[in-house]
Amino acid sequence: MIQHKDLDDPGTREVIVIGGGIAGLSAAIYLGRAQRDALVIDSGHSMAKWEPVVGNYLGFPEGVSGEDLLKFGREQAKRHDVKFVKDEIQEIRREEGDFLLRGEEGSYRTKRLLLATGIFHLPPEIPGVKECLGHSMFFCKDCDGFRVRGKNIAICGANNEAVEYALGILLYSPCVVIATNGEKPHWSSQHARWIEEYEIPVHLEKIVHVEHCDRQILSLQLANDQSVAIENIFTTRGDVYHTQLAESLGAKLDADGQIEVDHCMRTTVPNLYAAGCVTPANCQMIIAAGEGAAAAQAINRDLFEESLKTHSLRRFREVQLAEEETIPEVE
Ligand SMILES: Cc1cc2nc3c(=O)[nH]c(=O)nc-3n(C[C@H](O)[C@H](O)[C@H](O)COP(=O)(O)OP(=O)(O)OC[C@H]3O[C@@H](n4cnc5c(N)ncnc54)[C@H](O)[C@@H]3O)c2cc1C
């Protein structure tokens, strides 16, 4: 069977996806099944790897590890002939409408580009915390609130968001404290009133270290020699969006620093799409997967329309007509 990609300049991909996390893999599966010539370039740091038991992804009643979800997604995309490269893209420029990508390992050229580069959640800078990431130290109550029901929970932070987080976590546990880690609180007077009204203890001292065993947090050790028996920490320290490549191409970001997209995941730059946590996606795996699928559908549709305009579909058809059985037998 002659494939559409056989007619293209082999040096130019129809589609490149930067990022082989949840959004990128979902897009890759759709692009592969749409018979597109797709390459996924990934540096291998998906945040999904941090979650040992994903309990809110459709279809896994017992949960699934983030690592396995990535492995399954990759296998599924490879079955549809999608190619993968391990590389980190450093720079992108435009030439004759194409995107030219420069990575640490190689250079690549494509007609359509999907950015699925994700974000990075900043963990608190407290000795002992990093070892517990995803096991007893979390960033997202929608992901892990259910896992910590009834536990002793500390919210690290000193702003309005930290107070609202603490209030939200009350739905999961009665034992919630705020630990500012030595930072002077800068929450509003309304938030201060809520702290009083809901009787949430606040620890203002610096946290010297987090005591833990087998990635399970046991306590916060404070600078005043107090030890607070805590089992889980959530933080509100912030996110770093991987948007440098998008910005360098002139894509518009929103006020929070996420890439602006329309409902088909098209950015403000022609032929450039974005999906997953780099967009306003609420940073959930199932939403990232959905956005990846939506982006791939839009890319496929846009390439199809382009092939009508440029007559490349007609050239494809001519090869089919010359080489293949195109008329069903009629009795
Ligand atoms: C501790 C923790 C627990 C979580 N638990 C859950 C949960 O239970 N349920 C849930 O729904 N969500 C959870 N999440 C969120 C979930 O991980 C994200 O929603 C999901 O991974 C987003 O997918 P993505 O494709 O946008 O980004 P990612 O999966 O992070 O993938 C981005 C990919 O892009 C690559 N990349 C970035 N820049 C470049 C570049 N320049 N060149 C090449 N490659 C590049 C990265 O290496 C990475 O592989 C959790 C997150 C964390 C941190």
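V210 stands opposite L220 in strand β13. This is a predicted model: local features need pLDDT of at least 70, side-chain atom pairs count only at pLDDT 80 or more, and totals for chains, interfaces and linings use all residues. Residues are numbered from 1 along each chain as its sequence is written.

**The sheet**
- Three strands form an open sheet in the order β12-β13-β14, and the pairing is antiparallel. (Strands are DSSP runs of E, at least two residues; helices are runs of H or I, at least four; both are numbered from the N terminus.)
- β12 (207-213) and β14 (227-229) stand at the edges with a single partner strand each, so one side of each has no neighbour in the sheet.
- From one strand to the next, the twist averages 25 degrees.
- β12 and β13 (residues 216-222) run antiparallel and are joined by 6 bridges. (Two strands pair if DSSP finds at least two bridges between them.)

**The helix pair**
- Helix α1 (residues 22-33) packs with helix α2 (residues 66-79) at an angle of about 20 degrees, their axes 8 Å apart. (Axes are lines fitted to C-alpha atoms, for helices over the stretch in contact; angles run from 0 to 180 degrees between N-to-C directions.)
- That makes α1 roughly parallel to α2 (angles under 35 degrees count as roughly parallel, over 145 as roughly antiparallel, 65 to 115 as roughly perpendicular and the rest as oblique).
- L25, S26, A28, I29 and G32 of α1 make the contact with L70, G73, R74, Q76 and A77 of α2. (Contact means C-beta atoms, placed from the backbone, within 7 Å.)

Methods
Contact = placed C-beta atoms within 7 Å.
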